[in-house]
Amino acid sequence: MTRMKLKNLIVGLLLLVTFSACKSAFPDAKWTNKQWTVVEMLGVPVQTSNTPQDAHLIFNAREKMVSGSGSCNRVFGPYEMGKRNNLKFGNLASTMMACQNLEFENKFMETLKTVESYEVVEGELLLKNKKKEVILKLR
């Protein structure tokens, strides 16, 4: 093998490795282990207490799984990210403890089902519906 062919082979392999690593370059890779706390749902501010009981999401970019809390019950399930800031949650599940905030939690789970896209603006994760309206604001 000539030096030129070897050089081209090495460059080609480097490009292949670089582009195959792009999947992990999705923004959710930066979100891993970050707790995104819900501060607004459907335009209504959500009271937070800075405790694990606050409704929140934690993304696991490697496994494409999300976990968190609806304020009482644990929430978990898959998600998918695509081009153009597309974000869809799969079949999310939750524990089923009796809670005082069950109405809020049910609304939170229903709202997550309608998420179609996201945007990160000034440290806030904005989750949007099909009409591109912000339906959840997390910080």
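Glu116 is partly exposed in this predicted model, with 26% relative accessibility. Glu116 pairs with Lys88 in a salt bridge whose closest N and O atoms are 3.2 Å apart. Five salt bridges are counted in total, and the structure also holds one disulfide.

**Salt bridges**
- Lys88 is partly exposed, at a relative accessible area of 36%.
- Lys113 and Glu110 form another salt bridge (3.2 Å, N to O); because they are three residues apart in helix H3, about one helical turn separates them.
- Lys113 is exposed at 55% relative accessibility, whereas Glu110 is partly exposed at 44%.
- Glu124 and Arg139 also meet in a salt bridge (2.5 Å, N to O), which joins strand E9 to the segment after E10 across 15 residues.
- Glu124 is buried, with 15% relative accessibility.

**Disulfide**
- Cys72 is joined to Cys99 with an S to S distance of 2.0 Å.
- The torsion about this S-S bond is about -70 degrees, so the disulfide is left-handed.
- Cys72 is partly exposed at a relative accessible area of 28%, while Cys99 is buried at 16%.

**Nonpolar core**
- The largest nonpolar core has 25 residues, of which Leu57, Phe59, Phe89 and Leu127 touch the most other members.
- Elements giving two or more residues to this core include strand E1 (35-41), strand E5 (74-81) and helix H3 (102-113).
- Among the residues that Leu127 touches are Leu57, Phe89, Leu112, Ile135 and Leu138.

Conventions:
Residues are numbered from 1 along each chain as its sequence is written. This is a predicted model: local features need pLDDT of at least 70, side-chain atom pairs count only at pLDDT 80 or more; totals for chains, interfaces and linings use all residues. Side-chain values use heavy atoms; hydrogens and water are left out. A nonpolar core is a set of buried Ala, Val, Leu, Ile, Met, Phe, Trp, Tyr and Cys residues joined through side-chain atoms within 4.5 Å. Buried means under 20% relative accessible area, exposed over 50%, partly exposed in between (1.4 Å probe, protein chains only). Helices (H or I, at least four residues) and strands (E, at least two) are DSSP runs, numbered from the N terminus. Contact means heavy atoms within 4.5 Å. A disulfide is a pair of cysteine sulfur atoms within 2.5 Å. A salt bridge is a side-chain nitrogen of Lys or Arg within 4 Å of a carboxyl oxygen of Asp or Glu. Lists of a residue's contacts leave out its neighbours within four places in sequence.
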